[in-house]
Amino acid sequence: CDDCIFPKSTMHALTELLQKVCDISLKIKDGNNKQQTIKGNPVLVLSSTWRAQQEFINDILNSFKGYVAFVQQQEVQQIWKPHLDAFFDLVDPCYHATRHDEIFSWIRDNERGKNNHNNNSSNKKRKRRTPQELECSSLVVDFQVRSWIALDDEDLVNVEEDRVEKKAIPHAVKTESSVGLTLQDVQLGVKLLEDQMHAFYQLT
C-alpha cells in the first residue's frame with residue numbers, strides 16, 4: 001500500500017478491530033422489561049500529537065483511504081466507510097499534558113452523554129470534524145461513551161516514574177512503535193470493550 005504511512009499488518013489489525021467491535025451484541029431489558037439488542041458502534045478519536053496539525057490528520061485519513069483502495073474488498077470498504085472522511089473527534093489539540101491526562105480529559109468531557117467541545121451543549125447536535133476545517137455538514141447526535149480503549153505506544157498506566165494510574169488498566173492497549181497494532185492487541189482490545197459494556201449495562 002504505497003499511500004499508507006502505517007504497516008499493512010497494522011491496517012489489517014485495525015480493520016479486524018473495527019469489525020469485531022461492530023459484531024459485539026448484548027441482550028438487555030429496557031425500563032418496560034422488554035428485551036433489546038445493543039450493538040457495538042466503533043468511532044475513532046485521535047489522541048496522538050498528530051492531532052495538532054491538519055496536515056498530519058490528512059496524512060492519517062489518506063492512509064486509511066489508500067488502504068481501502070489497495071485491498072479492494074467490499075466488506076473492508078463497508079467497515080471503513082464511517083471513518084474515511086474525518087475522525088469522530090480529536091482530543092483537545094490545545095491541551096498539552098501526559099498522554100494519560102489528555103485522553104482522560106476527553107473522556108471526562110464525554111462520558112455522561114454530553115459533548116462540551118466547541119460550545120456544544122447536551123441538547124445540540126455536534127458538528128463532525130473534517131479533514132478540511134475540522135467541520136463539515138454531516139451532523140452527529142449527542143453521544144455517550146459506553147466503553148473505550150486507547151491504542152498507544154505510550155504507557156498510560158505507568159505514566160511517570162512515581163505515578164501509576166490503575167484506572168487506565170481496563171482501557172490501555174499498549175502497542176510497540178516498531179511493530180504497530182497486532183492481532184493480539186486486537187484480541188485484548190475487544191475483551192476490554194466487552195467487559196466495559198457488560199459493566200455499563202450491569203450485565204453479569
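Mentor: Let's start with a term: a salt bridge here is a side-chain nitrogen of Lys or Arg within 4 Å of a carboxyl oxygen of Asp or Glu. Before we use it, note that this is a predicted model, where local features need pLDDT of at least 70 and side-chain atom pairs count only at pLDDT 80 or more, while totals for chains, interfaces and linings use all residues. Residues are numbered from 1 along each chain as its sequence is written, and side-chain values use heavy atoms, leaving out hydrogens and water.

Trainee: Got it. How many salt bridges does a search of the whole structure find?

Mentor: Nine.

Trainee: And what about the overall build: how many helices and strands are in the protein chain?

Mentor: Helices (H or I, at least four residues) and strands (E, at least two) are DSSP runs, numbered from the N terminus. By that reading, the protein chain has five helices and 10 strands. Next comes burial: "buried" means under 20% relative accessible area, "exposed" means over 50%, and "partly exposed" is in between (1.4 Å probe, protein chains only). Of the 204 residues in the protein chain, 43% are buried.

Trainee: How do I read contacts along the chain?

Mentor: A contact means heavy atoms within 4.5 Å. If you take contacts between residues at least 6 apart in sequence, 61% of them join residues at least 24 apart.

Trainee: Back to salt bridges. Which residue does K20 meet in one?

Mentor: K20 pairs with E16, at 3.5 Å from N to O. The two sit four residues apart in helix α1 (residues 8-22), so about one helical turn separates them. As for accessibility, K20 is partly exposed at 37% relative accessible area, and E16 is partly exposed at 32%.

Trainee: What does R99 do in helix α4, and is R99 buried or exposed?

Mentor: R99 forms a salt bridge with E102, again at 3.5 Å from N to O. Both residues belong to helix α4 (residues 99-110), three residues apart, or about one turn of the helix.

Trainee: Which other residue forms a salt bridge with R99?

Mentor: E154 does, with the closest N and O atoms 3.2 Å apart. That pair links distant parts of the chain, because E154 is in the loop between β7 (150-152) and β8 (158-160) while R99 is in helix α4, 55 residues away. E154 is partly exposed, at 37% relative accessible area. Salt bridges with shared partners join R51, R99, E102, D152 and E154 into one network.

Trainee: What else does E102 touch?

Mentor: Beyond its neighbours within four places in sequence, E102 is in contact with S47, R51, V91, Y95, H96 and A97. The side chains of E102 and R51 have one at 3.4 Å. A polar atom of the E102 side chain also lies 3.1 Å from the backbone nitrogen of A97.

Trainee: How do I read a pair of strands?

Mentor: Two strands pair if DSSP finds at least two bridges between them. Strand β1 (residues 25-29) and strand β2 (residues 35-39) run antiparallel, joined by five bridges. For instance, S25 has K39 as its bridge partner in β2. The two strands form a hairpin with five residues between them, and N33 in the turn has a positive phi of about 65°.

Trainee: Last one: which residues of helix α5 are buried?

Mentor: They are D185, V186, G189, V190, L192, L193, Q196 and M197. These residues cover an arc of only 165° around the axis, so they lie on the same side of α5; the arc is that of the directions from the helix axis to the C-beta atoms. What covers them includes α1, β1, β2 and β10 (172-174). On the other side of α5, Q184, Q187 and A199 are exposed. Just after α5, Q202 takes a positive phi of about 55°.

Note on methods: A polar contact is a pair of N or O atoms within 3.5 Å; within protein, one must be able to donate a hydrogen and the other to accept it, and residues adjacent in sequence count only if both atoms are side-chain atoms.
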